[in-house]
Amino acid sequence: MKNDLLLTLAYMALLFVLATLPDTGRPGDLMSLIPPSLQDLAHAPAYGLLALLWIITLKNRGMAHQKSLVLAPFLASTYGALTEICQIWAPGRFPSVSDGLLDIVGSLLFVSIYQMTGLPRYGLNAMRKPEP
């Protein structure tokens with residue numbers, strides 16, 4: 001199913017846009033409307049969701065369940081690190097090790113919750129249509 005990959009890539013594009021929004025400190029800038037503490041806390045669920053999207057995408061392409069549980073948080077965390085580095089070129093933004101760590105924690109936490117809750121057992125492991 002191609003829609004899962006498109007959804008994952010579109011979500012990655014959204015994360016990139018949000019990560020590279022300029023923060024000039026001027027009133028009216030989008031970044032000035034979001035409190036810094038909320039910006040920091042948003043990293044964990046944002047990259048946790050990315051890891052879950054990667055699990056679905058990888059499993060729909062035939063990857064074994066356990067492999068997808070390892071590769072998905074790696075992909076999400078690596079992407080988080082790359083978006084942090086890209087902030088070097090965004091006015092008023094800078095890379096942050098703590099943000100990168102929150103990306104890792106979020107991706108691992110969401111994958112752990114996904115696995116521990118048994119969601120894969122209930123059909124929430126893929127966006128595949130049932131086969132006839």
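## Ser68 and its contacts

Beyond its neighbours within four places in sequence, Ser68 is in contact (heavy atoms within 4.5 Å) with Ile55, Leu58, Lys59, Met63 and Pro73. Ser68 belongs to helix 5. Its relative accessible area is 0%, so Ser68 is buried. Buried means under 20% relative accessible area, with a 1.4 Å probe and protein chains only.

## Model and conventions

This is a predicted model, in which local features need pLDDT of at least 70, side-chain atom pairs count only at pLDDT 80 or more, and totals for chains, interfaces and linings use all residues. Residues are numbered from 1 along each chain as its sequence is written, and side-chain values use heavy atoms, leaving out hydrogens and water.

## Overall fold

The protein chain has 6 helices and 0 strands. Helices are DSSP runs of H or I with at least four residues, strands are E runs of at least two, and numbering starts at the N terminus. The element order from the N terminus is α-α-α-α-α-α.

Of the 132 residues in the protein chain, 36% are buried. Among contacts with a separation of 6 or more, 72% come from residues 24 or more positions apart. The chain exposes about 8000 Å², and carbon and sulfur atoms supply 73% of that area. Accessible areas come from the Shrake-Rupley method with a 1.4 Å probe.

## Helix 4 against helix 5

Helix 4 (residues 43-60) packs on helix 5 at about 135 degrees, with the axes 8 Å apart. Axes are lines fitted to C-alpha atoms over the stretch in contact, and angles run from 0 to 180 degrees between N-to-C directions. The two helices are therefore oblique to each other. Angles under 35 degrees count as roughly parallel, over 145 as roughly antiparallel, 65 to 115 as roughly perpendicular and the rest as oblique.

On the helix 4 side, the contact includes Trp54, Ile55, Leu58 and Lys59; on the helix 5 side, it includes Ser68, Leu69, Pro73 and Tyr79. By class, this contact has 13 nonpolar, 5 polar and 2 charged residues. Ala, Val, Leu, Ile, Met, Phe, Trp, Tyr, Cys and Pro count as nonpolar, Asp, Glu, Lys and Arg as charged, and the others, Gly among them, as polar.

## Helix 1 against helix 5

Helix 1 (residues 2-19) and helix 5 (residues 65-86) have axes that come within 9 Å and cross at roughly 30 degrees. They are therefore roughly parallel to each other.

Met12, Ala13, Leu15, Phe16 and Ala19 of helix 1 meet Tyr79, Thr83 and Cys86 of helix 5. The residues here are 7 nonpolar, 1 polar and no charged.

Key:
Buried < 20%, exposed > 50% of the residue type's maximum accessible area, 1.4 Å probe, protein only.
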